[in-house]
Amino acid sequence: VSGEAYGISAFQRGTGALNITTDDVEGRQSAGIIAQVAGPVPINATLNGDTAGATSGMDETAFGSDVSVTNNGALSGGDFAFRSADADTGDVTFDNNGAVNGAVRFGTGDDSLTNEGTVQGDIAFRDGANVLTNNDTVNGAVSFGSGDDTVTNAGTLTGDLALGGGINSVSNSGSITGSVTSGACADAFSYDGTFASGGSDF
């Protein structure tokens, strides 16, 4: 599917879940996929092919509803690979089994990203209790807000890790090559992998 502006624009006004399963999708001027719901119903997206947009690969606006995204292909965008709206959002669960090329920005819920592939871009969580589990490669900075966040790294993190406020936990059995900075609260950091950085709080 290829569109001049966006590839797919899906808007659910009813009471059922918005379910999206795709192969190749392209938005030549805007997002590859725009997913919106007007009520408390979930968004479930499974991306199996190349999903690309001039501005973002996928935009979601859930207004308090939960969102589940599984990327099995290649997700990319000029500004963002994946972006949650600025408005109040529910919890976002993002599972990457393929390639994410571009920044990832989550909303205000308790969000999680599990990476079994490659992320080429910065990852920005906000003020929920967020979770990053990396078992492969993240080439980009990772930042968190004021919530109690958890990072488990068994792969490679090459960018800076900014934990923000809250009581945070980092467990590293892989490689972290950027700086790790903490907020004002007491955080926990354990590792038996490689930790090679300067300017860190641990």
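This note sets out, point by point, the main features of a predicted model.

1. The sheet. Nine strands form an open sheet with parallel pairing, in the order β3-β6-β9-β11-β13-β16-β19-β22-β25. Its edges are strand β3 (18-22) and strand β25 (188-191), each of which pairs on one side only. On average, neighbouring strands of this sheet are turned by 5° against each other, direction ignored. In general, the strands of a sheet pair through backbone hydrogen bonds, in a parallel or an antiparallel manner.

2. Strand β9 (residues 67-71) and strand β11 (residues 92-96) run parallel and are joined by five bridges. Asparagine 71 has asparagine 96 of β11 standing opposite.

3. The structure contains four aromatic pairs. One of them is formed by phenylalanine 82 and phenylalanine 94, which are edge-to-face, at 5.3 Å centre to centre and with 65° between the planes. Because phenylalanine 82 belongs to strand β10 (residues 74-84) and phenylalanine 94 to strand β11, this pair ties together parts that are twelve residues apart in sequence. Both phenylalanine 82 and phenylalanine 94 are buried.

4. A stacked pair. How are the rings of phenylalanine 106 and phenylalanine 125 arranged? Their centres are 4.7 Å apart and their planes stand at 10°, so the pair counts as stacked; the cut-off for this is an angle under 30 degrees. The pair links distant parts of the chain, 19 residues apart. Phenylalanine 106 lies in the loop between β12 (99-105) and β13 (112-115), while phenylalanine 125 lies in the loop between β15 (123-124) and β16 (131-134).

5. A charge over a ring. Arginine 105 places its charged end over the ring of phenylalanine 80, at 5.2 Å from the ring's centre.

6. A backbone angle. Phenylalanine 63 is located in the loop between β8 (56-61) and β9. Phi of phenylalanine 63 is near 50°, which is a positive value in a residue other than glycine.

How values were computed: Residues numbered from 1 in each chain as written. Predicted model: local features only at pLDDT ≥ 70, side-chain atom pairs only at ≥ 80, totals over all residues. Heavy atoms only, no water. Pairing = 2+ DSSP bridges. Helix = DSSP H or I, 4+ residues; strand = E, 2+ residues; numbered from the N terminus. Axes fitted to C-alpha atoms, helices over the stretch in contact; angles between N-to-C directions. Phe/Tyr/Trp six-rings, centres within 6.5 Å; stacked < 30°, edge-to-face > 60°. Buried < 20%, exposed > 50% of the residue type's maximum accessible area, 1.4 Å probe, protein only. Lys NZ or Arg CZ within 6 Å of the ring centre and 35° of its normal.
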